[in-house]
Amino acid sequence: MNRYRMHINGESVEAQGGAWFPVYDPSTEEIIAEVPDADEHDVNRAVQAARAAFDSGPWPQTTAQERGRILLRLAERIRKELAALAELESRNSGKPIVEAEYDMADVATCFEYYGGLATKVMGHVNPVPDNALSLSLREPVGVAGQIIPWNYPLLMAAWKLAPAVAAGCTCVLKPAEQTPLTALEMARWLADMGLPPGVVNIITGFGETAGAPLVRHPEVNKIAFTGSAAVGKLILKSAAESIKRVTLELGGKSPNIFFADADFEAAIDGALFGVFINQGEVCSAGSRILVERSIYSHFVEAMTEKAKRIKLGTPLQRETKMGPLVSKEQYERVRSYQELGKQEARLVAGGGRPAGMDKGYYVEPTIFCDVDNSARIAQEEIFGPVAAVIPFQNEAEAIRIANDTPYGLAAAVWSRDIFKAFRVVKALRAGIVWVNHMQPTYVEAPWGGYKQSGFGRELGPWGIEEYLETKQVHINLNEQPIGWY
Ligand code: NAI
Ligand code: MG
């Protein structure tokens, strides 16, 4: 059995308790590797390593230039290993190989971006009166605990590690239990890139046994989390105990809004891409498709027709547009929403398991129409290829339905009328809004949600801000005694 080890204090280690757990290929349901099953002891060991690396040794003396170069070297290495990394990612997560290759390129770009940004972190001179000089210094927040999901495994690791390292923090990263392999592969190169031991630690384990102790640990200064809203709430409560800084990215139920004057062909493509890319396992999935009444039936018909032609297949085949879901648990969850949808709305495409594919966690791209926005399939995050199509009468109704959700991660609006499109952009309560597109994501631009989609922003200069403290320094320029007594 192919065994991967964790990465703690620059060493490749097993769990102290000696336990392992299996990692699967979701297209065959077969075990492809085993990884250590970390518990609180291992978390403590990793946090101690990160704490020590932050407080003493070479890391606090490392210049911003050196930190930047480490990230640039890592980016170069990832580009060199891109094909092998993409294959491993595709095999472990079920995502199509072509998408995995895009992800790996984005991983490298993310490390490059923060490699460059490391030397652009600026302090500030504050315009105070009197004989004083007032400065704001920017300093790393300390030890960061980072917990990530399985839908974009190495990319989510990059979004967390790159800004933290650029800022001078140290990290304990816990990949999702379903998809730890690419992060562990990358861990093997960290020392060669010039990263001192203990700066980046990667532990493998389950949420309750490895994630929760990391969140509780008093020596961790900040938690960055991407995952479900349910776990986000637990993290926020637990972090309160030691007043940790917390950033949360909790997914959503994002509206993709189509007005009658949108380019029809582009709109149909955008609706399908928005909800079915990466098997619909996307935090910003356009899972509520709002369509203006006057084009509604034509739109549903065209969308259904095209959805039936989406190529499901094994992830490593280049023609595959949709692979299996990541795990048995996620498969069962999505299947149950497909069944629920049949009671709540009208099924027009998919609705089950694809015929003839009896191994692997495959589900059909599924479209429900005439969905009421209060239905569970319109309110709850499904995180699979299930679309809820909802008609609207006019602009005001589109905005009302779009915002009628506890979430607020993303939204998109399609129209050729710039007045209308921008009015809607301003009225939407969401952290990311696309116009005439859905899903493109750039490392230069902020990413994060409103409402119960969480708080904090990743990527761009916003991303590094979350790993920085601000120290106010007052320098007295008046040599006379204060004369207070
Ligand atoms: P999850 O939120 O349970 O898992 C995400 C990460 O959190 C994993 O690394 C997991 O080990 C960790 N975790 C779980 N419980 C924890 C705890 N008590 N303390 C600390 N860490 C913990 O997500 P799961 O169960 O894999 O998926 C369930 C649903 O969550 C999905 O169907 C989807 O709706 C949503 N989800 C949203 C994501 C997003 O990108 N916003 C990503 C993954 C899931
Ligand atoms: Mg869970």
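A disulfide is taken here as a pair of cysteine sulfur atoms within 2.5 Å. By this criterion the structure, a predicted model, holds 0 disulfides. The sulfur of C171 has its closest cysteine sulfur in C169, at 6.6 Å, which is too far for a bond. C171 is buried at a relative accessible area of 0%, where buried means under 20%, exposed over 50% and partly exposed in between, for a 1.4 Å probe and protein chains only. C369 also counts as buried, at 0% relative accessibility.

Because the model is predicted, local features require pLDDT of at least 70 and side-chain atom pairs pLDDT 80 or more, whereas totals for chains, interfaces and linings use all residues. Residues are numbered from 1 along each chain as its sequence is written, chains are lettered from A and ligands numbered from 1 in the order in which they are written, and side-chain values use heavy atoms, with hydrogens and water left out.

Helices (H or I, at least four residues) and strands (E, at least two) are DSSP runs numbered from the N terminus, and two strands pair if DSSP finds at least two bridges between them.

Another open sheet consists of 3 strands in the order β5-β6-β20, with antiparallel pairing. Its edge strands, β5 (124–126) and β20 (468–476), each pair on one side only. Neighbouring strands are turned by 30° against each other on average, direction ignored. Strand β6 (residues 132–140) is joined to β20 by 9 bridges, and the two run antiparallel; S134 stands opposite H474 in β20. L137 lies in β6 and is partly exposed, with a relative accessible area of 34%. Not counting residues up to four places away in sequence, L137 touches E469, T470, K471 and V473. L137 and I203 are 66 residues apart in sequence, with a C-alpha to C-alpha distance of 32 Å.

Two packed helices are described by the angle and the distance between their axes. The axes of α3 (residues 82–93) and α5 (residues 153–167) come within 9 Å and cross at roughly 115°. This makes α3 roughly perpendicular to α5, a class that spans 65 to 115 degrees, with angles under 35 degrees counted as roughly parallel, over 145 as roughly antiparallel and the rest as oblique. In this contact, L85, E89 and S93 of α3 meet P153, L154 and L155 of α5. By class, the contact has 4 nonpolar, 1 polar and 1 charged residues, where Ala, Val, Leu, Ile, Met, Phe, Trp, Tyr, Cys and Pro count as nonpolar, Asp, Glu, Lys and Arg as charged, and the others, Gly among them, as polar.

Terms used. Axes are lines fitted to C-alpha atoms, for helices over the stretch in contact, and angles run from 0 to 180 degrees between N-to-C directions. Contact means heavy atoms within 4.5 Å.
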